[in-house]
Structure formats: structure tokens, C-alpha cells
Amino acid sequence: MAFNNRKPTKQGAHGVARVISKRGYCSRSQAEKLVREGHVFLRGKPVRDPESPAYENDEILVDGVPVTASEFVYFAMNKPRGIVTTASDEKGRKTVMDLFREQFAKMYPGKPMPHIAPVGRLDAASEGLLLFTNDTAWADRVLTDPTHLKIYRVQVKGKPSAAELSQMEKGFNVPPRVFGESEEFMHAERVTLANEGEKNCWLEITLSEGKNREIRRMLAHLGYEVMRLMRIQFDKYTLGDLKPGEIRAIQV
């Protein structure tokens, strides 16, 4: 398993629930619930407000047990189509966390699974590279730093012209997903024609942002239907030979 033993450093104060989550103990929402229900002691005193200021190296207890920084773990998954990127689904669909749990148990029999979460999202119809970690600071950096590019292979019905591919790189306003909201400016860092058939083609699209359904919405605005969308790279991490549904530990 890919571990990283970096210790938290004393920086500015955050809400105690956030600090608990950053240590990899549980999710932010679970930590907030633990605080409100009186399970948490901060510097020897009980706290009930999830926003109570705490430093990353403060003593925090949950039900009398110290919450220490977990060893950070990092994984990649080849997310199959039809799997939703969420911890639980109200429609009863299988989630990436269900799949991760199954795969982790096969790779590390008898070993308890660490608290872990996906880095960003892929919608249910999309597939490919999805990263997981319990290192929330690293996840935030990967998601917000525009130099951490994401590369997709996209099968499109029809064939966009060179001018349309250039238009995607220059960017344009896309209608909102919800009526009444504002248009959004979207653009791709790079769009190339990977290969083509008689009725469809494959594009390779590089993004620096992560707006909701960005590729699908840009292509729909140009009049093209996305038939398949696969993320093949996120920053320096690539899909490689991972089969659909499989996971592997990665180094950061």
C-alpha cells in the first residue's frame, strides 16, 4: 500500500470537525455529527460546535480515544460506466465506495479499510481514472491547482470540424444546466482528433478545470452527442493497464 508519513504542521486554526477529517479519521459530515453529539474533547474539554477553533496538532479525543493523523494512502481506480461517485446513493445504485471496498478486501485480506474518499468526481455515464485518498490537503491541491491537468478520450457521434475544435480551446459560454442560472464560460486546454470512423470519432481533450459535465456540455452546445467519455490521465497519474473496477496503490 502507498503510505506517506507526513505529520501535520501547526498552521492556522480550523473548525475541529475539519481537523478530525483532515487526520483521516472520518468524513467531514461524520466528524460534525460526532462533535454535535458530544463525543469529542478538544484540549481536554468537551466541544459541541463543529467550528470550534482547533490546530492540526491539537489533542483531540473521540469517545476517549486520541484522533491521530492516519498514515496517508493513495489509490487509483478504473471506474466503470454506471457506477456513481458518491458514498451512498438514494436510488440504490452501486457506488465507487462499494467497489473500492470490494477491491480493497481482495488486495489486503483481513486489513481494515482506511477512511478514504474519491478526489473529485466522474459522473455515472463516464469512466476511467479516479483517484482516492485520506489526505484531504493533497486532494484539495490536486483539484484546485490548474497545472494538474486532466486528459480524456471522448467518443463523439459525428466529427467536429477543425474550427469547432479550435473554438473549444478558445472557449465560449455554455447554457446553464438549471433554468434561471447564468451561462458558464468553458474551455479546453487542448483538443485533438485521435481517430475517426464513418459515423463517429474519438477526441482527446485536456482540461485544467473541473466544471460539472464540462466536456458533455461544450460538445452538446456545438451539436455533438458524447457516446463514451473516459478519463485517461489526472496530473501525472495515468490509467495504464487497470481493468474496469480495479484499484492500485499509487505514490505521490
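Visitor: Which residue stands opposite F234 in β17?

Guide: Y237 in β17 stands opposite F234. Bear in mind that this is a predicted model, in which local features need pLDDT of at least 70, side-chain atom pairs count only at pLDDT 80 or more, and totals for chains, interfaces and linings use all residues. Residues are numbered from 1 along each chain as its sequence is written, and side-chain values use heavy atoms, with hydrogens and water left out.

Visitor: How many bridges join β16 to β17?

Guide: Two bridges join them, and the strands run antiparallel; two strands are said to pair if DSSP finds at least two bridges between them. Strands here are DSSP runs of E with at least two residues, helices are runs of H or I with at least four residues, and both are numbered from the N terminus. The hairpin of β16 and β17 has two residues between the strands, and D235 takes a positive phi near 60° there.

Visitor: What else pairs with β16, starting with β11?

Guide: Strand β11 (residues 150–157) pairs with β16 in the antiparallel sense over seven bridges, and I151 stands opposite Q233 in β16. β10 also pairs with β16, but in the parallel sense and over two bridges, with M230 of β16 as the bridge partner of E127.

Visitor: Switching to helices: which residues of α4 are buried?

Guide: In helix α4 (residues 136–144) they are W138, A139 and V142, where buried means under 20% relative accessible area, exposed means over 50% and partly exposed lies in between (1.4 Å probe, protein chains only). These residues cover an arc of only 100° around the axis, which puts them on the same side of α4; the arc is that of the directions from the helix axis to the C-beta atoms.

Visitor: And what do they pack against?

Guide: The buried residues of α4 pack against β8 (72–79), β10 (127–133), β16 (226–234) and β17 (237–238).

Visitor: What about the aromatics, how many pairs are there?

Guide: The structure holds eight aromatic pairs, counted when ring centres of Phe, Tyr or Trp (its six-membered ring) lie within 6.5 Å, with planes under 30 degrees apart called stacked, over 60 edge-to-face and the rest tilted. One of them is F75 with F100, which is edge-to-face at 5.2 Å centre to centre, with 90° between the planes. F75 lies in strand β8 and F100 in helix α3, so this pair ties together parts that are 25 residues apart in sequence.

Visitor: Why does the pair of F75 and Y108 count as edge-to-face?

Guide: The ring centres of F75 and Y108 are 6.4 Å apart and the planes are at 80°, so the pair is edge-to-face. This pair links distant parts of the chain, since Y108 is in the loop between α3 and β9 (117–118), 33 residues from F75 in strand β8. F75 and Y108 are both buried, and F75, F100, F104, Y108 and F132 form one aromatic cluster.

Visitor: Which residues touch the most other members of the largest nonpolar core?

Guide: Of its 36 residues, F75, F132, V154, I205 and L219 touch the most other members; a nonpolar core is a set of buried Ala, Val, Leu, Ile, Met, Phe, Trp, Tyr and Cys residues joined through side-chain atoms within 4.5 Å. Helix α3 gives the most to this core, with five residues. Leaving out residues up to four places away in sequence, L219 touches V154, V156, M168, L203, I205, Y224 and V226, a contact being heavy atoms within 4.5 Å.

Visitor: Is R93 buried, exposed or partly exposed, and where does it lie?

Guide: R93 counts as partly exposed because its relative accessibility is 36%, and it lies in the loop between β8 and α3 (96–107). Apart from neighbours within four places in sequence, R93 is in contact with V84 and D98.

Visitor: Last topic, what is the overall make-up?

Guide: The secondary structure comes to six helices and 18 strands, and buried residues make up 44% of the 252 residues. The C-alpha trace spans about 70 × 45 × 35 Å along its principal axes.
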